[in-house]
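Student: I have a structure open and I'd like to learn how to read it. Could you walk me through a few features?

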Amino acid sequence: VLIVEDDPATHGALRAILRHYGWDVSVAVSMAEALPVLATDPDVMLLDLMLPDGNGAALLEAIRRRKGATRVIVTTGASEPEQLAEVQALGPDAMLRKPIDLPALLRALQR
Amino acid sequence: MLLADFFGWFTNYGRYNTLFHCMSEDVLWVAITVVLDVAVATGYIVIARHWWANSRGLGDSPAKRALGTIRNIFVFCGICGYLFIPVKMLWPAWRLYDIVMAFLVYFTWKYAWSSKDLRVVYNAIGRSEKLAAELAETREQARRKASFLNAVSHDLRTPLNGLMLQAEVAAMAVADRDEALLATSLAEIKASAGAAAELLNYFLELGRLDGSPEENKLAQVDVGELVDQVLRMHQIAADAAGLSLTVVGARDAVLRTDRLKVERILRNLVGNAVKFTRRGKVEVRIERCGNGNGNGNGHGNGNGDCVEIAVVDTGVGISAECQRQLFEEFFQAHNYERDRRKGFGLGLAIARRLARHLGGDIAVWSEVGVGSRFTLRLPAVAPGRCADSHGHGNGGGGKGNGNGDGNGHAAEREPGGGAVVCRG
């Protein structure tokens, strides 16, 4: 799993939890850090859309262009219906609203 | 009378025209013609004046442009009418012409009289322009409120998200008896909870300031002493960064204002200065301003109308673009990654509201790479009610204005009880 998330408490926790459940985890806190890791075709990317160096949507597009097998789970802090619709329009494999519900996350990962 | 005779009379039997009458000094008919022409011209002038006086000062709008077009058509018709004069001079039917002119005079003056009603039209245009501006302002406020709430919601979700996930980690750590993991997750929980609580506090404070702000509790405030106190709070951080913290200027300036609020503003300004300065110094300059300058009694205690407290740093500076948004909620010039540990971008928004509530304001000057100067300008006396002083009054009228203008803003200790009386 590649976790792209800028909040240290969140990515720290996700790393610990996912490792506990047996995933091989790498973390990127920005677009710049995420791009080289993407080249290794991770199975799943857990993507926060609000990143310091740009919108995570660009990463999503980059993955779609690669046509790899990477599945994308978008996590978003947005709550407005329009914003959620915008995120849906990007076509992620799954979308999770923050605060992330752990069982839902695990279900989405196992799918 | 035969019809031919009737038209013949009107057309002067084809013999004369106005030019002929002028040449033959037929004074009566020439005078009638001139009077009629002048009357029409005067009517035009009256209409033009009404038009000008009412449309003056209105902003540009489609309605105003439409009315302007109508006016231009009339002006054009009027000019065409006057172009007709030379033709008339040679036209034999000059009596008919004068009857037409009489109608023209009648209608011109009728319209001249009613053209004062243009005021109604232009007032309506003015009102609708104002309403449109107000509507735009309301929409902008609504948009800003929505984006503010969005930011609050997002910024609350982030620490909450961290909290919940770290709680899972803590549970896992307990189950695995992994004490190191438990310790780190507890530290993260503490940080996230702290961030959430801090955001809520800021949020509540902003809401209070926008809604019904606390009344200012006025007391005598020694600016120099207050600045020293604020600088002491940041001394450790400044020492760690190798910065010098100094105060210069009118350290003896005295204000009658809300001490807690000024302290909060200064703490924010100095805190920012220390945070964004890598090397060099942070200097607080106190200056009296306004025309009460230098009226002192020889001890330099003459209070000006206001005091400026400038926090000057040699830090990273703020670009002109960022300066415009600097006082907006959730704007952070140097936190593009929006790390909540670097604050929420509410400090300056709150500081400016506090300053305005004290009757002052905060101004910013900055140059990237050179440094920044935040100037807090406060009036000598803030609006609000008198409060029990906490002994910050220096006891006695020593700081009173020496020029005898009777401003007794000093807090004085009563001889007996030590209670402080505030003489507004």
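Tutor: Helix 12 (residues 347–357) of chain B lies across strand 6 and strand 7 of chain B, at about 135 degrees to strand 6 of chain B. Before we go on: this is a predicted model, where local features need pLDDT of at least 70, side-chain atom pairs count only at pLDDT 80 or more, and totals for chains, interfaces and linings use all residues. Residues are numbered from 1 along each chain as its sequence is written, chains are lettered from A and ligands numbered from 1 in the order in which they are written, and side-chain values use heavy atoms, with hydrogens and water left out.

Student: How are helices, strands and that angle defined?

Tutor: Helices (H or I, at least four residues) and strands (E, at least two) are DSSP runs numbered from the N terminus. Axes are lines fitted to C-alpha atoms, for helices over the stretch in contact, and angles run from 0 to 180 degrees between N-to-C directions. Contact means heavy atoms within 4.5 Å. Chain B has 12 helices and 10 strands.

Student: What is the strand order in the open sheet of chain B?

Tutor: Strands of a sheet pair through backbone hydrogen bonds, either parallel or antiparallel. Two strands count as paired if DSSP finds at least two bridges between them. Here, 5 strands of chain B form an open sheet in the order 2-4-5-7-6, with mixed pairing. Its edges are strand 2 (244–249) and strand 6 (361–367) of chain B, each pairing on one side only. On average, neighbouring strands of this sheet are turned by 15 degrees against each other, direction ignored.

Student: Which helix packs on this sheet and touches strand 2, strand 4 and strand 5 of chain B, among others?

Tutor: That's helix 10 (residues 259–275) of chain B, which also touches strand 6 and strand 7 (371–379). Its direction makes about 175 degrees with that of strand 7 of chain B.

Student: How many bridges join strand 2 of chain B to strand 4 of chain B?

Tutor: There are 6, and the two strands run parallel. For a place to look, find Ser244(B), which stands opposite Lys281(B) in strand 4 of chain B.

Student: Now salt bridges. What's the idea?

Tutor: Side chains of opposite charge can pair when their charged atoms come close. The cut-off is a side-chain nitrogen of Lys or Arg within 4 Å of a carboxyl oxygen of Asp or Glu. Over all chains, the whole structure holds 12 salt bridges. One of them joins Glu5(A) and Lys98(A), at 3.2 Å from N to O. These two residues sit 93 residues apart and link distant parts of the chain. Asp48(A) is linked with Glu5(A) and Lys98(A) in a network of salt bridges.

Student: Is Glu5(A) buried or exposed?

Tutor: Buried means under 20% relative accessible area, exposed over 50%, and partly exposed in between (1.4 Å probe, protein chains only). Glu5(A) is buried at 2%, and Lys98(A) is buried at 2% as well.

Student: Which residue does Arg285(B) form a salt bridge with?

Tutor: Its partner is Glu283(B), with the closest N and O atoms 2.7 Å apart. Arg285(B) is partly exposed at 31%, while Glu283(B) counts as buried at 11%.
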